Amino acid sequence: MAGGNKKVKKAMETIATNINDLPNEVLQYILSFLSTREVVQTCVLSQRWCNIWKFVPTVHVTNETIQHCQKLLDHVIMQRGDVSIDTCHLEFVKYFRRENRKANKWIFHALSVCKVKELRVYIQFQDFFLTITNQAIISGYLRKLELDSVKLEANSLDFTSCPLLEELQMGYCIIYARKIVSKSLKRLKMETMFFETEDDDGWPCRLHISVPNIVSLTLLGFDGWTPLFESMPYLAFAIVTFNDECYDTCQYSSFWDCGIEDCEGCYAIGDHLNGSVFLHHLSHTTHMELTNDCRMNMNDSISTIFDRDLKWCPLFRNLKTLLLNEWFLENGLRGVLRILQHSPALEKITLKLYMEPKKIVENEESYGTMEQPFVMNHLKKISVKCQKEVMWVKKIIMTLTQFGIPHQRICVKEIPRSSIISEMTYLQTEHNLRMKPYKCVLSDLKAKAER
C-alpha cells in the first residue's frame with residue numbers, strides 16, 4: 001500500500017507545473033481575460049514577467065476616467081510598437097469634452113497602427129458626447145465596432161475603407177451625416193439614436209443607409225426622421241421598435257396625407273407621395289418584429305410610420321415568423337391584416353397585447369382595402385400573449401377568424417401582470433438613467449438649431 005502511495009506522489013510531482021513553466025503564448029492568453037491595469041501590474045512579479053504584458057492581445061479599460069488612465073493607455077496603445085490588438089474595450093466615466101482629443105488619439109492609433117479587430121468605445125459623459133474626429137476610418141483588420149454615447153459626422157460613417165467590418169453597434173449616439181456606407185457589413189444594431197440630417201440648403205432630410213450585404217438589422221428607437229435604407233436583398237432578421245420621438249407623425253389623420261400643409265410629419269420632408277419609406281426594404285426578411293416602445297404610452301405618434309408604409313405594403317415573400325405589439329390596433333387590425341395578406345409563406349405570428357389601447361377603430365373603412373377572407377396555407381400558429389383574455393382581446397381573435405384564420409390555430413397565453421410590470425419598470429428605470437444627460441444635451445442642440 002505504501003509503495004502505491006509513493007508511485008502516485010511521484011506521478012503528481014511529474015505532472016505538477018508552475019505557472020512560470022508555461023510558454024509565453026499561454027500566459028498571454030490567460031492574461032487577456034484580465035483588465036489592462038491588472039495585466040500591467042504583473043510586470044513586478046519577476047524578470048521574465050517584465051515584458052509579457054506588452055504582447056497581450058487585448059486592451060480592456062472599464063469604469064475609469066480619462067485623466068486616471070491616460071498614462072496607462074499611452075503606454076499600452078501609443079507605445080505598443082507593431083504588436084497588434086485583437087480586442088480593445090474603452091469604457092470611460094465622467095468624460096468631459098476637453099478630453100476629446102486624447103480619446104480620439106487612442107482610438108485612431110488602435111485602428112491604424114495596432115490593427116485592432118474588435119473596438120468598443122463606451123462613454124458616461126458629464127457635459128457632452130465624445131465626438132469622433134470627422135475623418136474616414138481606415139482599417140484592413142477591423143471586424144466589429146461598438147460605439148456608445150458618441151457623436152459621429154459624415155466621414156467617420158463611411159466604412160468603405162474597412163473591407164472586413166461585419167458588425168456595427170451604436171447606442172445613444174448622435175449622427176450628423178447624410179449617409180452610412182458599408183459593403184461588408186452583415187449585422188447592424190442602432191439603439192436610442194439621434195439623427196440630425198440636413199441637405200445642402202439646410203433643410204431636413206433622411207439619413208440614407210447603404211448596407212447591401214446585411215443579414216441582421218436591429219433598430220430600437222430614435223429621435224429624428226426615419227432613416228431610408230437602400231436595397232438589402234440578403235436581410236433575414238429584422239427587429240424594429242419605434243418610440244414617440246420619431247418625427248414621422250401626423251397630428252391630424254390616422255391614415256396619413258392629411259392635406260394640411262403646416263403638418264411637418266406629412267410634408268416637411270416632401271416624400272409623402274413616394275411610397276413606402278421603411279417596410280419596403282424589409283421585404284426579403286424571414287423573421288420580422290415591428291413594435292412600439294413598451295415604455296411609452298400608446299399614441300398615434302408611435303404607430304403612424306408603420307401605418308403610412310402599409311398603404312404601399314410590399315410582398316414579404318420569405319417571411320416565416322412575425323411579432324407585433326399593440327401599435328396595429330390604432331386603426332383596427334388593418335395593419336396586421338395587410339401584412340398577413342402579403343406574406344404567403346408566413347408560419348407563426350406572435351401578438352403581444354399587454355396594454356389596452358386608448359381606442360380601437362372598428363369600422364368598415366379601416367378594413368376597406370381588405371379582401372375577405374384570404375387563405376394562408378403555411379400558417380401554423382398565432383400566439384396571443386396578454387394579461388387576461390378580456391373583451392377587447394376576444395374581439396381581435398374574432399376578427400382574425402372572420403378573415404379566414406382557423407380558431408384552432410390561435411393560442412392565447414396569459415402573462416402574469418406582475419411579470420409585465422416588473423419587466424417594464426426595469427426597462428424604464430434603466431432608460432431614464434441613461435437618458436437624463438442625453439436629453440439635456442439634445443435640448444441644448446435643438447435650441448441652438450432653432451436660433
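Student: Which residue of β14 does Leu 220 stand opposite?

Tutor: In this predicted model, Leu 220 stands opposite Thr 241 in β14.

Student: What makes β12 and strand β14 a pair, and in which sense do they run?

Tutor: Two strands count as a pair when at least two bridges are found between them, and β12 is joined to strand β14 (residues 237-242) by five bridges.

Student: How many bridges link β10 and β12, and which residue is the bridge partner of Phe 194?

Tutor: Seven bridges link β10 and β12, again in the parallel sense, and the bridge partner of Phe 194 is Asp 223, which lies in β12.

Student: Why is strand β12 described as largely enclosed by the rest of the structure?

Tutor: A residue is called buried when its relative accessible area is under 20%, and seven of the eight residues of strand β12 (residues 216-223) are buried, so the strand is largely enclosed by the rest of the structure.

Student: What makes helix α8 largely enclosed, and which of its residues are buried?

Tutor: Seven of the eight residues of helix α8 (residues 334-341) are buried, and that is why the helix is described as largely enclosed by the rest of the structure. The buried residues are Arg 334, Gly 335, Val 336, Leu 337, Arg 338, Ile 339 and Leu 340. For the protein of 451 residues, 48% count as buried.

Student: Why is α4 called roughly parallel to α5?

Tutor: Two packed helices are described by the angle between their axes and the distance between the axes. Helix α4 (residues 66-78) and helix α5 (residues 100-112) pack at an angle of about 25°, and their axes are 11 Å apart. Angles under 35 degrees count as roughly parallel, so α4 is roughly parallel to α5. The crossing of the two helices is left-handed.

Student: Which residues make the contact between α4 and α5, and how do they divide by type?

Tutor: On the α4 side the contact is made by Ile 66, Gln 70, Leu 73, Asp 74, Ile 77 and Met 78, while α5 contributes Lys 102, Ala 103, Lys 105, Trp 106, His 109 and Ala 110. Sorted by type, the residues of this contact are seven nonpolar, two polar and three charged.

Student: What makes β9 and β13 edge strands?

Tutor: The strands β9, β11 and β13 form an open sheet in that order, with parallel pairing, and β9 (179-181) and β13 (228-229) are its edge strands, each pairing on one side only. Between β9 and strand β11 (residues 208-210) there are three bridges in the parallel sense, and Ile 180 stands opposite Ile 209 in β11.

Student: Why is Glu 198 called partly exposed, rather than buried or exposed?

Tutor: Glu 198 has a relative accessible area of 41%, and buried means under 20% while exposed means over 50%. The value lies in between, so Glu 198 counts as partly exposed. Glu 198 sits in the loop between β10 (187-195) and β11. Leaving aside residues up to four places away in sequence, Glu 198 touches Arg 178, Trp 203, Pro 204 and Cys 205. The C-alpha atoms of Glu 198 and Ala 177 are separated by 7.9 Å, although these residues are 21 residues apart along the chain.

Student: How do you know whether Asn 63 and Ser 149 are buried or exposed?

Tutor: The relative accessibility of Asn 63 is 60%, and exposed means over 50%, so Asn 63, which is found in strand β1 (residues 58-64), counts as exposed. The relative accessible area of Ser 149 is 3%, and the limit for buried is under 20%, so Ser 149 is buried. Ser 149 has its place in the loop between β5 (144-148) and β6 (150-153).

Note on methods. Residues numbered from 1 in each chain as written. Predicted model: local features only at pLDDT ≥ 70, side-chain atom pairs only at ≥ 80, totals over all residues. Heavy atoms only, no water. Axes fitted to C-alpha atoms, helices over the stretch in contact; angles between N-to-C directions. Helix = DSSP H or I, 4+ residues; strand = E, 2+ residues; numbered from the N terminus. Parallel < 35°, antiparallel > 145°, perpendicular 65-115°, else oblique. Left-handed = near helix turned anticlockwise from the far one by under 90°. Contact = heavy atoms within 4.5 Å. Nonpolar A, V, L, I, M, F, W, Y, C, P; charged D, E, K, R; others polar. Buried < 20%, exposed > 50% of the residue type's maximum accessible area, 1.4 Å probe, protein only.
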